Amino acid sequence: MPKAKPKKNESTSDSDSGPDDRAPPPKKSKDSAADDKKSGANSNQWVLERQRQVRINEFRGKKLIDIREYYEKNGEMLPGKKGISLSVTQWKKLLECADEINRAIEE
């Protein structure tokens with residue numbers, strides 16, 4: 001009986017390197033989308049500059065901080081390819097480095 005070939009190790013990386021990791025924000029029902037437009041803001045969304053936004057999304061049960069450029073199509077804001085999604089751990093690490101990064105910028 002031939003021996004079974006060993007399975008290749010699957011990656012457990014949280015990177016945004018492939019199409020499997022890219023997912024648009026979940027679709028909203030018409031009623032909830034209308035409610036968001038009425039309120040004028042989403043509590044999990046912040047505008048940095050024009051079309052650049054920070055949003056908190058969920059992918060495969062994990063929260064991600066998504067910093068991304070958006071574009072408008074048919075009156076709807078859609079996520080573009082340019083951006084990065086950080087896990088909560090990566091986000092907290094970035095915040096820990098913020099003071100050091102600010103000092104380096106000012107030099």
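A salt bridge is a side-chain nitrogen of Lys or Arg within 4 Å of a carboxyl oxygen of Asp or Glu. Keep that in mind for the later stops.

**Before you start**

This is a predicted model, where local features need pLDDT of at least 70, side-chain atom pairs count only at pLDDT 80 or more, and totals for chains, interfaces and linings use all residues. Residues are numbered from 1 along each chain as its sequence is written, and side-chain values use heavy atoms, with hydrogens and water left out.

**Stop 1: the whole chain**

Show the chain as a cartoon. Two helices and four strands make up its secondary structure. Both kinds of element are DSSP runs numbered from the N terminus: helices are H or I with at least four residues, strands are E with at least two. Start at the N terminus and the elements read α-β-β-β-β-α.

The chain exposes about 9700 Å², an area from the Shrake-Rupley method with a 1.4 Å probe, where for residues only the protein chains shown count as cover. Carbon and sulfur atoms supply 51% of that area. Of the 107 residues, 13% are buried. Buried means under 20% relative accessible area, exposed means over 50%, and partly exposed lies in between (1.4 Å probe, protein chains only).

**Stop 2: the sheet**

Select the four strands. They form an open sheet in the order β1-β2-β3-β4, with antiparallel pairing. Two strands pair if DSSP finds at least two bridges between them. Which strands stand at the edges? They are β1 (45-49) and β4 (76-87); each has a single partner strand, so one side of each is left without a neighbour in the sheet. From one strand to the next, the twist averages 35°.

Zoom in on β3 (residues 62-73) and β4. Nine bridges join this antiparallel pair. Pick Tyr70 and look across: its bridge partner in β4 is Pro79.

**Stop 3: helix α2**

Select residues 88-106, which are helix α2. The helix lies across β3 and β4 and runs at about 75° to β4. Axes here are lines fitted to C-alpha atoms, for helices over the stretch in contact, and angles run from 0 to 180 degrees between N-to-C directions. Contact means heavy atoms within 4.5 Å.

Next, colour Leu94, Ile101 and Ile105. Together they form a nonpolar surface patch with about 270 Å² of accessible area. Patches are made of residues with over 30% relative accessible area and no salt bridge; like charges are joined within 9 Å, nonpolar side chains (Val, Leu, Ile, Met, Phe, Trp, Tyr) within 5 Å. Ile101 sits in α2 and counts as partly exposed because its relative accessibility is 37%.

**Stop 4: the salt bridges**

Side chains of opposite charge can pair when their charged atoms come close. How many salt bridges does a search of the whole structure find? It finds three.

Arg52 is partly exposed at 41% relative accessibility; Glu69 is partly exposed at 25%.

Finish with Asp66 and Arg68. In their salt bridge, the closest N and O atoms are 3.0 Å apart. Are these two buried or exposed? Asp66 is buried at 5% relative accessibility, and Arg68 is buried at 9%. As for shared partners, salt bridges join Glu49, Arg52 and Glu69 into one network.
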